[in-house]
Amino acid sequence: MPTPPICGHPCEADTPRMPTPPATDRASCTAHGTFECLIDGHGLSHAEVLSRRGQQTPVSARFTRVIDRAGRADTVPDARSFSVRFHGSEETFDLNGCSLPVGLARDGPPLTWPGMPTAEEDPESRPLPVRERFWSAVADAPGRLHMALWAMSDRGLPRSLRWMDGYGLQTFRLDDSPQGWRWGRFQWRSTLGISSLSGAEGRQLACASPDHHHRDLHDAIARQEPPSWDLCVQIFDQHDGEGWPFDLRDPTTLVPEEVAPLMVIGRMTLDRSWPERAHLRHTARPASARMPGPARRWPPAQPPDPSPARATEGPYRQSQQFVQALDAIEREQLIDTLSRELGPLSRPSVRLQLLGHLRVIDEALSVELAQRLAIDERRVRPARAPLPPAAQAPYPSLSAARSRPGTLRGRHVGALVSAGADAAILRILAAQLNRAGARLSVIGMRPGCVSLSDGCHLIPDVTLGQAPAACFDAVAILGAPYSMAGLQGDPGALDWVRDAWRHGKPMALVCASVPLCVLIGAGCDEGMFVLDGQEDPRLAGLDLGGRLQIFCALVARGRWRGRRPAGRC
């Protein structure tokens, strides 16, 4: 009997195909590369790609927005599919997943979560917009709330596809262990770490660069900076999870890495980008293609626990654990995103239902969101008895801010340069960023050369109107006093600096550029450096190189979170 495929609809075991949207679907992004096995697969799986250490397999990866695949920009809160096809020498198989660790509905008869937003709607609601149908479906089932909260958090708005993780969602059965079969869950972890956009950054990029994620991925490959992800697996024995308040095989739930540590088994590097139609031709395979090893079973090998507590408390409990793990800034952005998503809904009953679900897991969250939506909280009825606070401490891995520190590699710093800018600062900053795998782009006020302090003339990479502040991880504002005084009367320059500050960018200044920041109302904080100043105790006794090293260390941490939450700006 043939081994069931690694992916695909569980009711369609004979058609293990990668989801292939039309070639004109702008929501999908494709790249190609290799997968290198980092372990000897004996005892884990007898799949060809995991057969021996150092084994390299060609792969194709596709990233697609899930909730709304058409008519919206890349930088909107959404789940994103993370589908990888392994092209073995004899077999091929797919590992389909998502940018979020939880799915929207249980995978199995009668429907799967990718088609859920339209599958369960009544006929009169079909003309509604996609987002309206999505939230109606979430309000109808508490199990879908968990994924919706993840999608509206920082994880739903990655800075780029290179800074995004992927999750297999399904629980697989691994059959090559001497102790018998075990359960396994796969996860792709970006080697750059996790980084996200604020809501304000996402809205700015949606207007300035609607295909921002596509361009970022392909530009990185063109610069010979191929993104890479580690393939990890969580291993569970046959009886693990029997006492948990959820079913281990339920894709709407997750197991934190504090409970089941991740084991790195391989690395995928994407170093080629092809046109979409060429990708579809290249990855075409007969439906009979198989890859032995990991197998997903439906129905499960043992029946699900039918207890009412497990069926009703599980979805709410995991949603509660996620909300409690967020820090104050993440929680503020979650509320801001939810209010922007729920406010335009045409049916007030949907908003009340969603607030009722939130009242079960976190009353304070429900009350604050109701105030944002101008809804009397007395009208909100909890969907069931509210849950008591979780007994265990929050899991740090559930928070994007606490789980994995960022790196300087892959970061992009924009330097707004005007006449008389210090050439030494530009030269040293560019050298330090290049050594760490980051890059510096020089921004000019207008086309043409800019004269520096040493008399040299520099041609900017872009002009101010071509590169909004949201494109960069950090900014530097450099120039002589006479040129900085001219920028104070330029509305475009003032808006650019104001956006950089509101978005939480680390900022490197010189004394001449401080009045520009004062003019826009930017308060001094630890995310700002005056490189030639003497008042900052962090810079005391350091030369220019040492001061720029401190700035680069702050850039590696990503958005400065000590400022006012950017989502409200």
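Modeller: What follows covers a sheet, a helix, the nonpolar cores and a few strand pairs.

Modeller: This is a predicted model, where local features need pLDDT of at least 70, side-chain atom pairs count only at pLDDT 80 or more, and totals for chains, interfaces and linings use all residues. Residues are numbered from 1 along each chain as its sequence is written, and side-chain values use heavy atoms, with hydrogens and water left out.

Colleague: What is the strand order in the open sheet of 6 strands?

Modeller: The order is 14-11-10-15-16-17, with parallel pairing. Strands are DSSP runs of E, at least two residues, and helices are runs of H or I, at least four, numbered from the N terminus. Two strands pair if DSSP finds at least two bridges between them.

Colleague: Which are the edge strands?

Modeller: Strand 14 (462-463) and strand 17 (528-530), each of which pairs on one side only. Strand 14 pairs with strand 11 (residues 439-444) over 2 bridges, in the parallel sense. Thr463 in strand 14 is the bridge partner of Gly444.

Colleague: And which strands does helix 12 touch?

Modeller: Helix 12 (residues 423-435) packs on the sheet against strand 10 (412-417), strand 11 and strand 15 (474-478). Contact means heavy atoms within 4.5 Å. The direction of helix 12 makes about 145 degrees with that of strand 11; axes are lines fitted to C-alpha atoms, for helices over the stretch in contact, and angles run from 0 to 180 degrees between N-to-C directions.

Colleague: What about the cores? Which residues touch the most other members of the largest one?

Modeller: Ile477, Trp496, Val497 and Met507, out of 55 residues. A nonpolar core is a set of buried Ala, Val, Leu, Ile, Met, Phe, Trp, Tyr and Cys residues joined through side-chain atoms within 4.5 Å. A second, separate core has 46 residues, including Val138 and Leu369.

Colleague: Last one: how does strand 8 pair with strand 7?

Modeller: Strand 7 (residues 182-190) pairs with strand 8 in the antiparallel sense over 8 bridges, and Arg185 stands opposite Gln234 in strand 8. Strand 8 also pairs antiparallel with strand 9 (residues 263-272), over 6 bridges, where Asp230 stands opposite Arg267.

Note on methods: Buried < 20%, exposed > 50% of the residue type's maximum accessible area, 1.4 Å probe, protein only.
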